[in-house]
Structures are given as C-alpha cells and as structure tokens.
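Subject: Two-chain model, for your records

Hello,

Here is the structure I said I would pass on. My notes on it follow below.

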Amino acid sequence: MAGVAVSTTINGDSVEYLCQPDETLLDVLRDRLGLTGAKEGCGTGDCGACSVIVDDRLVCSCLMLGAEAEGRRIETVEGMAHGDTLHPLQQKFLEHAALQCGICTPGFLIAAKDLLAKNPDPTEEEIRFGLAGNLCRCTGYDKIVRAVQDAAIVMKQA
Amino acid sequence: MRYIRPLSIEDAVGQLAGSAGPAAILAGGSDLLVRMKGGFVEPELIIDIKSIAGLRDIRETADGFSIGAAVPCAVLGENAALKKAWPGVVEAAKLIGSKQVQGRCTIVGNLCNASPAADSVPALVAAGARAVVVGPSGKRTIAVETVPTAPGRTSLAKGEIIEAILLDKRAPRSADAYLRFIPRTEMDIAVVSAGVNLTVDAAGIVTAARVAIGAAAPTVLLVEEGAQALIGRKLDEAALERLAKVCAGACRPIDDKRGTIEFRRKVAGVLARRAAQTAYARAGGK
C-alpha cells in the first residue's frame, strides 16, 4: 500500500506525516506521533476514549482515517494544559477524583471541553446527555459530572 | 488499498465506476470504518467525497432544501430554517449515535447503509424526500424509499453515488415527527420506530399525510393505509386507533434480542399514534 502524505495542525502546531490509507487518526496520533492521550477503548465509536476535536467538532479518532486530517485543525488532550498549568477541567477532575483507572479520562476531558465551548453554562442533564458518548466503567459518572459543573463555574469567572 | 479525495462528483463517479475491486464511498465513516475494522468489508479503493464542492452544504432553494451527501447530522441540527420546516427529519437525524458520531455521520450514509433500523430513514420516507443519484449515465432523482432493498443492500448501480437529499418546500400548516423505542434513554438502535408527516387545513382537517415505520421489516415501510387513516379528518380518537391498527398490521418484524414480533407490532402502532399527535400539534392542528 502506498503511503498518504498528510499536512495538518495538531494543538496549534503544523504537523506532517505519512500514513497508510486504512490507518485511523487514532493510530496515527498514538503510533506515529507519540500522542498517546487518546485511548483505544472499543475501536468502533462506542466508548469515546479516543475523542478529539476536529475543526471544532468532537469526533472519535478511531472512526476517522489519518488521511482525512489533511488541512484540518485537530485538538487532543495533550493541548489542554499550558505548561505546568492544568486546564480548569483537568484541575477539577483531580479535585473531584473524577477518575479511577484513567483510560476514559482524556476522552471525557476533550468531550467536556467541546461541551463547555458550545454551552458554557450547562445543566446537569445537558452535561449527562453531552457526555453520553463517553463510557466510564469505574466512577459511575457522578464525580465526572460534578467536576464538569465546577469547571464551568471557574471558566465563566476567568 | 488506495485513498482518494476527488474534487468533483464526475471524478468520484468515474473512479467508482472504473474500480476493478471493491470500492467504498467515505463521508462520515461511522459505518464504513466499523465494518472495515470488523473485516466485513475490505475496499481496495476509498473515495472520500468531502472535498467535492457543495456536498457539505445545506441549500435552501425555491423548491425546498437540498442537503449535501457529506453534511454531518450535527449540522442539520444547527440549521434553524431546516429545523423549522422539517423538525421530524432533524430530530431523527439527531438520534443517530453520540455527539462524537453526530459530528461525522450523514443521512445519506444512514440511507445507504440500508439498516431497517436506521433512524433518519423513516423520517425521510415520511417526508417524501428524494435522493439525487449521480452515475456514469447521468443524474436521476428517486424516492428515498426505493434506495434500500434489503438489509445492507441498495438499488444503486455500480458507479452511482447519492449526491444530495431533497426535501420539498413546505405547504402552510405542515409538520413532521419521528419517534423510536429503545430500552435506554439514548445511544441505542431502534427496536421499532415511526415517522409521520402531515398537512392540516385551517379547520384542523388532515389534507395530506405520509406514515413510515422502521425496524419492523427488511426495509423501512411506507404505510399507505396509515396515511389514509388520517386524511380527510381531524386527528380524533377513531383516526388514531385506525392508524395504530394499520401500522401494527403492516409490520413484518422479526424476533431478536431487542424485541419480539408481538412487541414490535404493538409499539409500532403506539409510536405512529404519538408521532402523528406531535406532527399535528406542530402543524397547528387543534
């Protein structure tokens, strides 16, 4: 198979890579670019652990080809913190202990970032529906929802 | 395998028609990539249609709406004019998958995946939507209900691509609605579903109607008798009873892990009834 040459933007940086035509964006991020924040839970778009934002849309990177990233703007969990300063969502996930094993956490953080960008003041129900594409088998979701609610308050004040 | 991103529909059709091995159209990929991963399809050529001019646009024309084949369902939900004219189509499209899937999945993909349980298809059939098909011998426009022919199969010939879905301009006092039954609150596949589209006159009498049932036969069913149960009368109890009865009777469901034949028949009638009530209220019927 001939490789596909891709020029894209990831977390604000111009990135170029060669990938196979059937390689998912998730595999490119993890195996070619060393961005291992996005996780493969199911590989079929059901669990949301591989969530990234592409041109301001939340997507599962397992359901997108690496070749499709040409000319797009991609945000991953690696771009959320600024140096040693965590994003408010990351800080609140820590404070609320909104994670146990952590596999789902990067996906939840990115999905919550997308949610708050579009709806800065969500109700609990809106958070639960908004994050329904992300599965967590440890926390039971309550702590995650509270962390997002708390982060929304902090982000509104900022 | 090759991945190509043609810039014109003619080029895409030419590549699709000319491919020696299996080829696949890629728009949102939410079915295709899952099927590739599962080993159910092994395309030698993937044709990404998202760079073709116009395919990512919703156009409002003198005749209604034209929805490009690569428009993600999330974008349908953000189009105020489309939502106002075709609330049932939009609510059905918005039920497909999670937020993540919504950002990618398309109604044309939903149609061409040809699942009897596809959420947007009963709403499109009830809406009388048409598909613009482009192929090696030109362009044709067909009713959406003629696209799926069996689970996973469509009537499209080799080299043919659906370029857009057309929805008519609305007559006054018209509206549609879509409902599905799933055993949880969201993120599931319809056990059975119903789409109803109708027009009422100033007195609240239904003057036109289309009724479709999903997940109750090998393809989505257009239930003509359901429409006849509504047309020419107000949405009274007798009309609703008749609608529920004919919809239940039209079903040819299977027993599977999601529901039994008996359950699907019963619920098809209930959903058709409720969808009709919602569409009627939206149309301003009293």
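From the N terminus on, the elements of chain A follow the pattern β-β-α-β-β-β-α-α-α-α, that is, five helices and five strands. Helices (H or I, at least four residues) and strands (E, at least two) are DSSP runs, numbered from the N terminus.

Before the rest, some conventions. This is a predicted model, in which local features need pLDDT of at least 70, side-chain atom pairs count only at pLDDT 80 or more, and totals for chains, interfaces and linings use all residues. Residues are numbered from 1 along each chain as its sequence is written, while chains are lettered from A and ligands numbered from 1 in the order in which they are written.

Chain A

The C-alpha trace of chain A spans about 50 × 30 × 25 Å along its principal axes.

Of the 158 residues of chain A, 47% count as buried. A residue is buried if 20 or more other C-beta atoms lie within 10 Å of its own, exposed if 12 or fewer, and partly exposed in between, with C-beta atoms placed from the backbone. Two residues are in contact if their C-beta atoms, placed from the backbone, lie within 7 Å. Among contacts in chain A between residues at least 6 apart in sequence, 60% join residues at least 24 apart.

Helix α1 of chain A covers residues 25-32, and its buried residues are Leu25(A), Leu26(A), Asp27(A), Val28(A) and Leu29(A). Strand β2 (13-19) of chain A is included in what covers them. After α1(A) comes Gly34(A), with a positive phi near 70°.

Chain B

Chain B has eleven helices and 14 strands. Its radius of gyration is 19 Å, close to the 19 Å from the globule rule for 286 residues, so chain B is as compact as a globular protein of that length. The C-alpha trace spans about 60 × 45 × 35 Å along the principal axes of chain B. Of the 286 residues of chain B, 53% count as buried. For contacts in chain B between residues at least 6 apart in sequence, the share that joins residues at least 24 apart is 64%.

The domain assignment of chain B gives domain 1 (1-49) and domain 2 (175-282); such bounds come from an automatic or database domain assignment. The C-alpha centres of these two domains of chain B lie 35 Å apart.

Sheets in chain B

An open sheet of three strands in chain B has the order β1-β3-β2, with parallel pairing. Two strands pair if DSSP finds at least two bridges between them. At the edges stand β1 and β2 (23-26) of chain B, each with a single partner strand, so one side of each has no neighbour in the sheet. On average, neighbouring strands of this sheet are turned by 20° against each other, direction ignored. β1(B) and β3(B) run parallel and are joined by three bridges; Arg2(B) has Leu45(B) in β3(B) as its bridge partner. Helix α1 (residues 9-18) of chain B lies across β1, β2 and β3 of chain B, at about 165° to β3(B). Axes here are lines fitted to C-alpha atoms, for helices over the stretch in contact, and angles run from 0 to 180 degrees between N-to-C directions.

Another open sheet has five strands in the order β4-β5-β10-β6-β7 (chain B), with antiparallel pairing. Its edge strands are β4 (58-61) and β7 (138-143) of chain B, each pairing on one side only. From one strand to the next, the twist averages 25°. Four bridges join β4(B) to the antiparallel strand β5 (residues 64-68) of chain B, where Ile58(B) stands opposite Ile67(B) in β5(B). α1(B) also lies across β6 (130-135) and β10 (161-168) of chain B, at about 130° to β10(B).

Where the chains meet

How many residues of chain B are in contact with chain A? There are 20 in chain B, in contact with 24 residues of chain A. β1 (2-4), α2 (32-37), β3 (45-48) and α6 (99-102) of chain B each supply at least two residues of the side that touches chain A. The largest share of that side, four residues, comes from α2(B). By class, the side of chain B that touches chain A has nine nonpolar, five polar and six charged residues. Ala, Val, Leu, Ile, Met, Phe, Trp, Tyr, Cys and Pro count as nonpolar, Asp, Glu, Lys and Arg as charged, and the others, Gly among them, as polar.

Regards

Conventions: The radius of gyration is taken over C-alpha atoms; the globule rule is 2.2 Å times the number of residues to the power 0.38.
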